[in-house]
Every structure is written in structure tokens, then in C-alpha cells.
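Reader: I'd like to learn how to read a sheet in a protein model. Could you walk me through one?

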Amino acid sequence: MRRKSVCVTRRETLNLGICALAGLATRNSFGAWEARSGITPIQSLSAAAKAIRDKINLRASDGCSHIYGFNYQPSWGSNGVTVWGEKYDPKKYREELALGKKYFPKMNAVRIWLSWSSYRTDPARFVRQFQQAVEICGELDLLVVPVLFNRWVGNPVWDVVSDSEMAADFAATFVPFVRDVVAPLKGDSRILAWDLCNEPPLRGGELQWLGNLQKTVKQIDPCSWTCIGTVTVDQTRQCAPYQDILTPHLYFGGYPDYVQLAKEVGKSLISTECCWGSLDDSVRVQRVRDELGALKTHKIGFFPHALYESLVADLHRPQYGFVDKPGYMAFIHMDGSLRSGHDVYNVFTD
């Protein structure tokens, strides 16, 4: 099979300006690592996923309005180590995502949360399992948004980068992880965008840290796209220079303000989290209906949080652990059954 690269398609070249040429004409500082690793940087993309990707226009606020995704946390773990460590189960990973495609046929993307903690425990194992996950997503025609780091604090906690870690030497602390995760997928069109960090509060030197993350990703793969999971208009504006796609978490309205910002900075817009939870199915369904309806009206792509019931914070019912203010946010129950009324998602994916 002939393999294709995002760097050489006509639309991608228009979207990325000189980036594609830079990716073809130069060897970045990670070239020697690529040679040692023996990686094949250009990967195939299914026809269905390619059709979705080819429609993206990074320079229009509604250029990603056809992206219909979900956040996905596997059912078996509560944090990065228990999800990506010894308990990682590729068969179950495939089964749970396949159920998503069964219940939500127009689902075309998935946001998956990586684990710096699991990487530090066993780098080779983590990288291998992440690549397995990307293969599974690709076989299911899903574009992937991997979340590199997290600053949101849930209960139980998911792999939070501390202030002291963020302030440590960047090259020694963060570059090995970013390099080992991104470099094997250089030029891989299955990666929709690298989400640099989930919900950074932007305190201290955080903007510089985010800038360094983006610079590192772009040095490894000049043709890659980056984004950041922000929670306010002001945060989204401050982070705009480090994002190819603006990806705020739109739980509480304000849609016109984000569309206006996207137009001002000339970038596209996706809500990579939405649909606030509830233990009451009928209440949750109405919230899903209201939020996805508003996102559709404003031509914003969306990734509800989240596809599958999990031990991760906010994604389970009381029998599986503590339930915090966001309530229960999953669309598919732990036993694989569709949560009552939650096929309403399909109303908004025409």
C-alpha cells in the first residue's frame, strides 16, 4: 500500500503555509534520534478519515465544524499509571471504542489522555502501548487528539504536572517524553492535533512552558498541529499563539465570544470538552441536547466528555467511586450498554 503524508497534500500545504516545505527540506534536531530508532515517519490514513481531515480549514472559525468526537478514558483505570501501565488492555481498548462507533456512527475523532507518570515508570512500554492505541483508532477511522500533559485536578487525580515540575529544567524534564511520543508519529495524518496540556491555569511561567512545549513538538514535526484545552475566553486568547486550532472547553456557554476570537486570530475552533454531567439521565440528556445544539448552531466541532464509563474522575456512578460536582459524564455504561437517551448525540452529527 502506498503511504501518504500530511505534509504533501494540497489542502494541508495551504493550511500550514511553509511548514510542509520546512518538514521536507530540513532535518530537525531530532533527526539523529529518528535514524537510530529506525522509525517510519509517514503512516497511512483510511479513506474515511482522510475525507474528514481534507475538509479541515485551519484559517476559518468553522473550519472544523464537521469534527464529531469524544474524550475517551478506558474503563479499567483511575489514573495514568493504572490505565497505561501493566493493566493496559488493547483488546478492551478496541472493544470500547468500537462500541462508540456502533452507537455513534458519525463519530470521527477521539481525544485520548496520555500519561507522563506511566512513561517515567517504563518509557518503552508506554510508547509501545500508545502506538498500539493510535493503530486501533486508525483502524476505526478515528482521528486522534493525544493530550500530552494535564494541569486539571480531579478526584481521583490524573497525572497532574506540579508547579515545581513545570519550573524545572525544561529540556531534562519534558523533552524526552515529548520526543519519544511525537517523533515515531512524525507526518502521521491520523494525529489530528497534539493537545499540549489540559486546562492549564496559566499561573507563574506557564505560558512560557506551553510555548516551549509547542516549540518542541514543531521541531520534531513541523507539519503537526497543536492545541491547548482552555477554560475561559481570556485563557484561549493568551494561548492562541501556541495553537493551530483553538480548543476551549465549552461547558457554560459564551459561544459567540469564542467564535469572534477565532475570527480575530484567523484560526479554527473545536470544543474538546463539553456536555456537563449529571447522575440523572434525563437531566444529562437535556444538557447534551442544549450544548451540542448551541455548538452546532455556532459551527463549532465538539468532543463531549466522555465516551465510556471509567474509574477516572467524573466518569462513573457511585458504585465505582466518588462522584464530584460534574456528576456522571459518560455516554456508555461500564457493561457496554448505551446510557438512556444519550443517542441524542447523533441528532447533531449530520
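**Reading the sheet**

Author: Let's start with strand β4, residues 194–198: it is mostly covered, with 5 of its 5 residues buried. Buried means under 20% relative accessible area (1.4 Å probe, protein chains only). Strands (E, at least two residues) and helices (H or I, at least four) are DSSP runs, numbered from the N terminus. This is a predicted model, where local features need pLDDT of at least 70, side-chain atom pairs count only at pLDDT 80 or more, and totals for chains, interfaces and linings use all residues. Residues are numbered from 1 along each chain as its sequence is written, and side-chain values use heavy atoms, leaving out hydrogens and water.

Reader: Which strands does β4 pair with, and in what sense?

Author: Strands of a sheet pair through backbone hydrogen bonds, either parallel or antiparallel. Two strands count as paired if DSSP finds at least two bridges between them. Here, β4 runs parallel to β3 (residues 143–150), joined by 3 bridges; N150 has N198 as its bridge partner. β4 also pairs with β5 (residues 226–230) in the parallel sense, over 3 bridges, and there D195 partners C227.

Reader: How does the chain cross from β4 to β5?

Author: It goes through helix α12 (residues 206–220), in a right-handed β-α-β crossover. Right-handed means that, with the strands pointing away from the viewer, the path from the first strand over the helix to the second runs clockwise.

Reader: What order do the strands of the sheet take?

Author: The open sheet has 8 strands, ordered β1-β2-β3-β4-β5-β6-β7-β8, with parallel pairing. At the edges, β1 (69–72) and β8 (301–302) each pair on one side only.

Methods. Buried means under 20% relative accessible area, exposed over 50%, partly exposed in between (1.4 Å probe, protein chains only).
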